[in-house]
Amino acid sequence: MPATCVVLSGEHRHVVDRTRQNRNGPATGPGHVRALSRRIDPVHRARRGPRAATLDIERQAQVLPAASDTRLFTLFIGNQVDDSLLREVVVMVDGRVAARHRYSDREARALRGGGLHALAVPMEEGPHRLRLEFVARAEEARPADARLHAQAEREYTKTAAAGSLELALQKQGLRGKPSLSWQDGTQALEDPRLRVATFLLRSGQPLAAALALERLRGAGGPLPAGFDRRMADSLAALELAPPSLPAAAPSLERHGRAFGALRQGDAAAVAQLEALGAIEAADPETLALRDYANLELGYQLLRQGEGERAQPAFARIRSPGPCSNAALLGFGWSFLVPKGEQDAGSMFTAQAPLWPASAEDAARLRRAMPFRYLHSVAVAGERKLDLQRALIPWVELLGRDATDPAVQEGLLAVPYALAHLGAHQQSQQYLRRAVGDLERARIDLDKAIAHVASGELAARLRERVAEQADGWRRELADLPYADATAYLKPLMQDPAFLAALSAQQQLGELGQALQAQEQRLAGSAGAQDLLGNIAGLRQRVTVAAGQRETALRELTLARLRAQQQHTQAYLAEARLALARVHDRPLEEEAS
């Protein structure tokens, strides 16, 4: 929640509360903390029944003879190179592509953390020539850096029984190139099926992990060490059992405590946020927490009238990133916000940061800002320098997503600063640009609303839930953000949207799991009762999925309409400021 900032256009003070509608710096309250800790918020407890019933069916199915599939062959894919992330694997059987998978960042990290991906490969009985191609990248690689490639080949004779092989990306020595090593699944030091559950759990698929563990339990024989722990973690992720360990990492807990202290007015909150904002981090989760802590800290210091102290906090925020637009905006205001007095921050309400607490405080704020009057010009001195310094980060906002409130505010802040520097012609040009950008943003939002209302978004989401060969598609990371789905990019930072999306996705996965059970039991003697239970459960899941789809659509429309209203308000402000330019003749500007 970066905060509410004052937009100055002429003598008007337009204030935007981004605690409710910020697009680039999502709220960092408890809901966002949960979204960061688990990427997507958990499904509501109301769906415990279908999940528990699906696991119960899996247990009962283990005692029934399933229809045999002589084409069943599984490749267990792993990664043992600490500084590399696996990106894609392609499996060729007898010269033809038989299977492939693209790994999302979360899946790649789950593999590197010891998980195994079970890749199903169709294969007829008889001798075959297998060829595998891996594509990986160094963890710290830049987009232009070359990727790492590895290949492996071997002969394999498929029998009527289900077959499996394990393949891992390895590196020999400190300077060795990555290579692939084969190992029969039966000779692995740890049961590959247990590591498969680890991969599924760490990549955000707890239902699939629990089902895989139930199949391992039903296979007979002694259970491997670690089985109970992984099953407990899977059930806890499904909210079918209490968590075996605290859900949040230490840095996440510290962030939650600092946020709570800030909301309660605790003076120690700023120090806590400063400590979080300065921590060394390498993993994405901690880096994100550090950015949000710095964003919260920076705007809190602005509320207290400590602009100079807020500048290092804003400067520590990564760009590009989910907080970068709001950070650039706040960095600019840090040069202009009224200096704090003994009652620093008393002009602002605690609930809506940088919102005047009363009419009297609004007048005080107007007088305290760099320019009280519309046509005032800074000829020299600190005011001129402050305006010039504020322009540097604000100009960076131009050309970015104009539906973002931080960018919209920057579109008006730049001509405001130029006008008070005496650059009237430039100010007029940037106001015209602001009107054009905001008008296009309004049109884009109209199209986005029509896209969601038509059901196109729901269709795309259903398509991606069913995707098995591409982790990026499952996480919606491959959607092009330059077409009709551009509006999804900021929504993917909204905790409420993520929670609703998670609810729909997990119901889709539940439906897929039930369908797979039905196919596996089809034709099995004595499975009629179980098949009847599956059919009834699938019907319940279908109804619930439809309800969740409707809820997600309504939430998305509400968010888009709020953005539309916000954009129209800024568009009106920009047009008013442009009209006011004609209240005075344009003056010659110094070259």
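A residue is called buried when its relative accessible area is under 20%, exposed when it is over 50%, and partly exposed in between (1.4 Å probe, protein chains only). The views below show a predicted model, in which local features need pLDDT of at least 70 and side-chain atom pairs count only at pLDDT 80 or more, while totals for chains, interfaces and linings use all residues. Residues are numbered from 1 along each chain as its sequence is written, and side-chain values use heavy atoms, with hydrogens and water left out.

**View 1. Ala-453 in helix H16.** Let's start with Ala-453, which has a relative accessible area of 48% and is therefore partly exposed. Helices here are DSSP runs (H or I, at least four residues), numbered from the N terminus. Leaving aside neighbours within four places in sequence, Ala-453 is in contact (heavy atoms within 4.5 Å) with Arg-553 and Leu-557. Ala-453 and Arg-553 are 100 residues apart in sequence, yet their C-alpha atoms are 7.3 Å apart in space.

**View 2. Helices H16 and H21 packed together.** The axes (lines fitted to C-alpha atoms over the stretch in contact, with angles from 0 to 180 degrees between N-to-C directions) lie 9 Å apart, at an angle of about 160 degrees. H16 and H21 are therefore roughly antiparallel, a label for angles over 145 degrees. Their crossing is left-handed, meaning that the near helix is turned anticlockwise from the far one by less than a right angle. The residues of this contact divide into 18 nonpolar, 6 polar and 7 charged. For this count, Ala, Val, Leu, Ile, Met, Phe, Trp, Tyr, Cys and Pro are nonpolar, Asp, Glu, Lys and Arg are charged, and the others, Gly among them, are polar.

**View 3. Trp-394 and the largest nonpolar core.** A nonpolar core is a set of buried Ala, Val, Leu, Ile, Met, Phe, Trp, Tyr and Cys residues joined through side-chain atoms within 4.5 Å. The largest one has 53 residues, and Trp-394 and Leu-329 are among those with the most contacts inside it. Helices that each supply at least two residues of this core include H12, H14 (382–397) and H15 (405–420). Leaving aside neighbours within four places in sequence, the contacts of Trp-394 include Leu-328, Leu-329, Trp-333 and Ala-413.

**View 4. Helix H12, residues 324–333.** How many of the 10 residues of H12 are buried? The count is 9, with Ser-324, Asn-325 and Trp-333 among them.

**View 5. Gln-311 in helix H11.** Gln-311 counts as buried because its relative accessibility is 18%. Beyond its neighbours within four places in sequence, Gln-311 touches Phe-331, Ser-334 and Phe-335.

Methods
Angles under 35 degrees count as roughly parallel, over 145 as roughly antiparallel, 65 to 115 as roughly perpendicular and the rest as oblique.
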